[in-house]
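Subject: Structure handover

Dear colleague,

I am passing on the structure we spoke about, with the sequence beside it. My notes on what was found follow below it.

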Amino acid sequence: LYGKPTVVNNVETLTNVPPIITNGAAWYKSLGTEDTAGVKIFSLSGRVKKPGNYELPFGTTFRELIYEHGGGIIDDRPVRAIMAAGASSALIVATEEALDTPMDYGSVRTLNADLGSASVIVIDDTVSMEWVINKTLHFFSHESCGKCTPCREGTYWMRHIIERIHEGRGRQQDVELLHAVARQMQGKCLCALGEFSTQAVVSSIERFPQDFQSAVKS
Ligand code: SF4
């Protein structure tokens, strides 16, 4: 970059280097799980009492993060869904089994989701999933750089469809259309952003269909 030797890396990754040099690779690998060694900064947000950044070993469960570190759910409501990688996530249905799943890359994949950046968003029963999708699609349509057609057009049209649903002007066909647009984008975008924009859309419609049905006219 600018004619100089350049390292492009995540600050979080670089902060792991000094303790690994000091204590050795074996020490670092003793933290975390067999699947994913080391520690991670879990960025906890959403309907929790104590949102924040928590540096914990990989393999900490969702339940430990939400209830021990995050203080539990606001007003002690039940947790309904978890987005493990922020807006880029598929929505995980927060069953007892899911809450007890270790947060490492392999284990979260068994829930048909990804840990990704570990920006864990917690959703309780006061939040409708169509509200969540309205938020995520406004973000992605704003962030799309417009270089490739599937993402540029897909995020634009998904945002307009979810706006219609969110404002009470949608019909059942709009939910099906939203799902179809997201599915058609998958595997066709130039970079990860376009792909990520579809994850929450597809998973929420498939796993929480009642939230969309109650938001649309029959
Ligand atoms: S997928 Fe990436 S390259 Fe394509 S429009 Fe979206 S942000 Fe740009």
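The accessible surface of the protein (Shrake-Rupley method, 1.4 Å probe) comes to about 11,500 Å², and 54% of that area belongs to carbon and sulfur atoms. Buried residues, meaning those under 20% relative accessible area with a 1.4 Å probe and protein chains only, account for 42% of the 218 residues.

Please keep in mind that this is a predicted model, in which local features need pLDDT of at least 70 and side-chain atom pairs count only at pLDDT 80 or more, while totals for chains, interfaces and linings use all residues. Residues are numbered from 1 along each chain as its sequence is written, and side-chain values use heavy atoms, with hydrogens and water left out.

As for the fold, there are eleven helices and five strands, taken as DSSP runs (H or I of at least four residues for helices, E of at least two for strands) and numbered from the N terminus. The radius of gyration, taken over C-alpha atoms, is 19 Å, close to the 17 Å that the globule rule (2.2 Å times the number of residues to the power 0.38) gives for 218 residues, so the protein is as compact as a globular protein of that length.

The domain assignment, which is automatic or from a database, gives domain 1 (29-124) and domain 2 (129-213). Their contact (heavy atoms within 4.5 Å) takes 13 residues from domain 1 and 14 residues from domain 2, and the C-alpha centres of the two domains lie 24 Å apart.

Definitions and conventions: Buried means under 20% relative accessible area, exposed over 50%, partly exposed in between (1.4 Å probe, protein chains only).
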